[in-house]
Amino acid sequence: EAREVAATVRAVVAAWRGPVRPVPGDGGITHWVPLPDGLDGDTAAAALAREGIAVVPGRFFGRPHAVRLATTEPAHLQEGLDALGTVVDQFERRKV
């Protein structure tokens, strides 16, 4: 069952066409999401928390310009990716 969940999670990530590209972490249910220049993991995590999405800022893992997504529920992953895409899009619009 764990392999099936990991495969489904990878498929959700592969199909997502957001403004940033998640990178699989170890185990298949975690993904690192590198953020655009100027957007750090703490800022992104705080914005996502306001939307009810919990991620871990990358600074806890030596990756300050990334967030870590982890879930075994593909629907939750899709929701988190979509919310993260919105946060990144809003950040990019403010930069211009």
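The questions below ask how descriptions of this predicted model follow from its computed values.

Q: What makes the pair Arg-59 and Asp-42 a salt bridge?
A: The closest N and O atoms of Arg-59 and Asp-42 are 2.8 Å apart, and a salt bridge requires a side-chain nitrogen of Lys or Arg within 4 Å of a carboxyl oxygen of Asp or Glu, so the pair meets the criterion. The pair links distant parts of the chain, with Arg-59 in the loop between β3 (56-57) and β4 (66-70) and Asp-42 in helix α2 (residues 41-50), 17 residues apart. A search of the whole structure finds one salt bridge.

Q: Why are Arg-59 and Asp-42 called partly exposed?
A: Buried means under 20% relative accessible area and exposed means over 50%, with partly exposed in between. Arg-59 has a relative accessible area of 47% and Asp-42 has 33%, so each of these two values falls in between the cut-offs and each residue counts as partly exposed.

Q: How do you know whether Phe-60 is buried or exposed?
A: The relative accessible area of Phe-60 is 52%, and because the cut-off for exposed is over 50%, Phe-60 counts as exposed. Phe-60 is found in the loop between β3 and β4, and its C-alpha atom lies 9.9 Å from that of Asp-42, a residue 18 places away in sequence.

Q: Why is Thr-30 assigned to its class of accessibility?
A: Thr-30 has a relative accessibility of 14%, which is under the 20% cut-off, so Thr-30 counts as buried. This residue belongs to strand β2 (residues 30-34) and, leaving aside residues up to four places away in sequence, touches Val-23, Pro-24, Gly-25, Arg-68, Leu-69 and Ala-70.

Q: What makes Gly-25 buried or exposed?
A: At 19% relative accessibility, Gly-25 is under the 20% cut-off and therefore counts as buried. Gly-25 sits in the loop between β1 (23-24) and β2, where it touches Thr-30, His-31 and Trp-32, not counting residues up to four places away in sequence. The C-alpha atoms of Gly-25 and Arg-68 are separated by 8.7 Å, although the two residues are 43 places apart along the chain.

Q: What share of the residues is buried, and what share of the surface belongs to carbon and sulfur?
A: Of the 96 residues, 40% count as buried, while the accessible surface comes to about 5,700 Å², with 52% of it belonging to carbon and sulfur atoms.

Note on methods: Residues numbered from 1 in each chain as written. Predicted model: local features only at pLDDT ≥ 70, side-chain atom pairs only at ≥ 80, totals over all residues. Heavy atoms only, no water. Helix = DSSP H or I, 4+ residues; strand = E, 2+ residues; numbered from the N terminus. Buried < 20%, exposed > 50% of the residue type's maximum accessible area, 1.4 Å probe, protein only. Areas by Shrake-Rupley, 256 points an atom, 1.4 Å probe, with all protein chains shown as cover. Contact = heavy atoms within 4.5 Å.
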